[in-house]
Amino acid sequence: MNKATTDRARRLLCLSLLTGLTLFTAAAASTTSALSAEACPGNPGALGTSRTIVVDPREHPKIGTMQYAETLPLQDKEVVLTFDDGPIPKHSNAILDILASECVKATFFIIGRMAKEHPEGVRKLIALGHTVGTHSQNHPLSMNRMPIEKAQQEIEDGIANTTAALGDPALLSPFFRIPGLLRASVVEDYLASRGIQTWSADFPADDWRHVSPQKVHDLAISRIAAKGKGILLLHDIQPRTVAALPGILRDLKAGGYRIVHVEAATPDKPKTPTEPQQWQLHPVSETVAVTRWHKVPTFAFAHDDMLPAPAISASDQMLSLTENFDRMRRPRNAVPLPEQAPWPREAPLQTMIDTATLPVPAKTLFELAERHGTPIKALVQLPHHAQQTAPARGSDSDAIAKLISLDASAARRTIPGAIPPGLHPTAVAAPR
């Protein structure tokens, strides 16, 4: 086989490989499109639900960085949608229709009283593939301060009514959100003892406030973008949420975000394998060396006026008083004197200034300058003392006139609390 034939065979082989790769890519794209169309009928470009994670409530009993150290083990740009306070058919059904149009799954925290009043709304959530948790019986905004017995009753009644609406206890997920996020450690401990996971959130959209639907949309998108991933808190009973949700889902898709569904682990449904750092919103990278350094201990440094003065040892004296014992001409019977050491001598230590010692105030600081030279022998009594010694007879105007006269006749006055001239500030006042 000559060289030309070999080169032609190589080109044909490369062309065949490229053709096969193109056909495989087109087939894969067609399959993906078919799966998307099948997963979300009527909306091939829907946001959809990217994946489902299964969590064990006993291993991570509290989630949501608005209040706790951990959150769900999400990747960047993954969002979990949650809705509170339903069901109310008028608005809850509209929320479910919007989610269904985008094939999005969410987690709903049900009020027991609403489940008892609208049980069909709770069953509809399960039929559409959503997760159902509980949100107390009556939504009290006082679970952070009510007696634990009353809080337990709120929790258990809400669970009982929601379970009754579902008809099967296995359909209820062991997820609970405290009303108003008004947490209390005793309530959280009780929920953990029951194997129930306490959900907070990573960002709200403030849709329970009197704001516009556009404001709800803007808050949701901006807060999701700020944290990059997490749990979004919404309410399916608010008309403003119904109006804002389509835009929120549309912009999440445009921004490359993905929706994650959450379910609770069961004996037949094992938990999703995770690492501890995945439960942190922004875990520190393992490659950062500083995260593995030991913490610097806290030392108790002594005050500068408590430091001991350095002692001069005998060796220090020898170094500072080095003598030259070489034979040299000296006057007869003269005493040899020490010479300067050939190396730099240590500088003498300067006396430390005692910063705690303040100068003594001058005696004149406590004296009141007076023009009169006659010393005051006794302090003039205050006016209210004079009022007590004033005669009871006569009119009030006469008594005031006498007080003014008495005050004006004083040759010298002092300020109450002042030290009379000539009296040392530390002297003890003579008894009256």
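**Entry 1: Thr131**

I looked up Thr131 and found it in strand S5 (residues 131-134); strands are DSSP runs of E with at least two residues, helices are runs of H or I with at least four, and both are numbered from the N terminus. The model is predicted, so local features need pLDDT of at least 70 and side-chain atom pairs count only at pLDDT 80 or more, while totals for chains, interfaces and linings use all residues. Residues are numbered from 1 along each chain as its sequence is written, and side-chain values use heavy atoms, with hydrogens and water left out.

Is Thr131 buried or exposed? Thr131 is buried, with a relative accessible area of 3%. Buried means under 20% relative accessible area, exposed means over 50%, and partly exposed lies in between (1.4 Å probe, protein chains only). I then listed the contacts of Thr131 (heavy atoms within 4.5 Å). Leaving aside neighbours within four places in sequence, Thr131 is in contact with Ala106, Thr107, Phe108, Ser173, Phe175, His261, Val262 and Glu263.

**Entry 2: the whole chain**

I noted eleven helices and ten strands in the protein chain. Of its 432 residues, 31% count as buried. Among contacts between residues at least 6 apart in sequence, 78% join residues at least 24 apart.

**Entry 3: the cores**

Next I looked for nonpolar cores, which are sets of buried Ala, Val, Leu, Ile, Met, Phe, Trp, Tyr and Cys residues joined through side-chain atoms within 4.5 Å. The largest has 46 residues, and those with the most contacts inside it are Leu81, Phe83, Leu99, Phe108 and Leu232. Helix H8 (residues 239-254) gives the most to this core, with six residues. I also found a second, separate core of 17 residues, which includes Val80, Trp199, Ala201 and Ile231.

I followed up Leu81. Not counting residues up to four places away in sequence, Leu81 touches Leu99, Val104, Ala106, Thr107, Leu232, Leu249 and Ile259.

**Entry 4: two helix pairs**

Two packed helices are described by the angle between their axes and the distance between the axes. Axes are lines fitted to C-alpha atoms, for helices over the stretch in contact, and angles run from 0 to 180 degrees between N-to-C directions. Angles under 35 degrees count as roughly parallel, over 145 as roughly antiparallel, 65 to 115 as roughly perpendicular and the rest as oblique.

At what angle do H2 and H8 cross? The axes of helix H2 (residues 89-101) and H8 cross at roughly 5° and come within 9 Å. That makes H2 roughly parallel to H8. From H2 the contact uses His91, Ala94, Ile95, Ile98 and Leu99, and from H8 it uses Pro239, Thr241, Val242, Leu245, Pro246 and Leu249.

Helix H4 (residues 119-127) and helix H5 (residues 148-166) pack at about 70°, with axes 8 Å apart. H4 and H5 are therefore roughly perpendicular. Pro119, Val122, Arg123 and Ile126 of H4 meet Thr162, Ala165 and Leu166 of H5.

I found Glu156 in helix H5. Glu156 is partly exposed, with a relative accessible area of 24%. Not counting residues up to four places away in sequence, Glu156 touches Tyr190 and Arg194.
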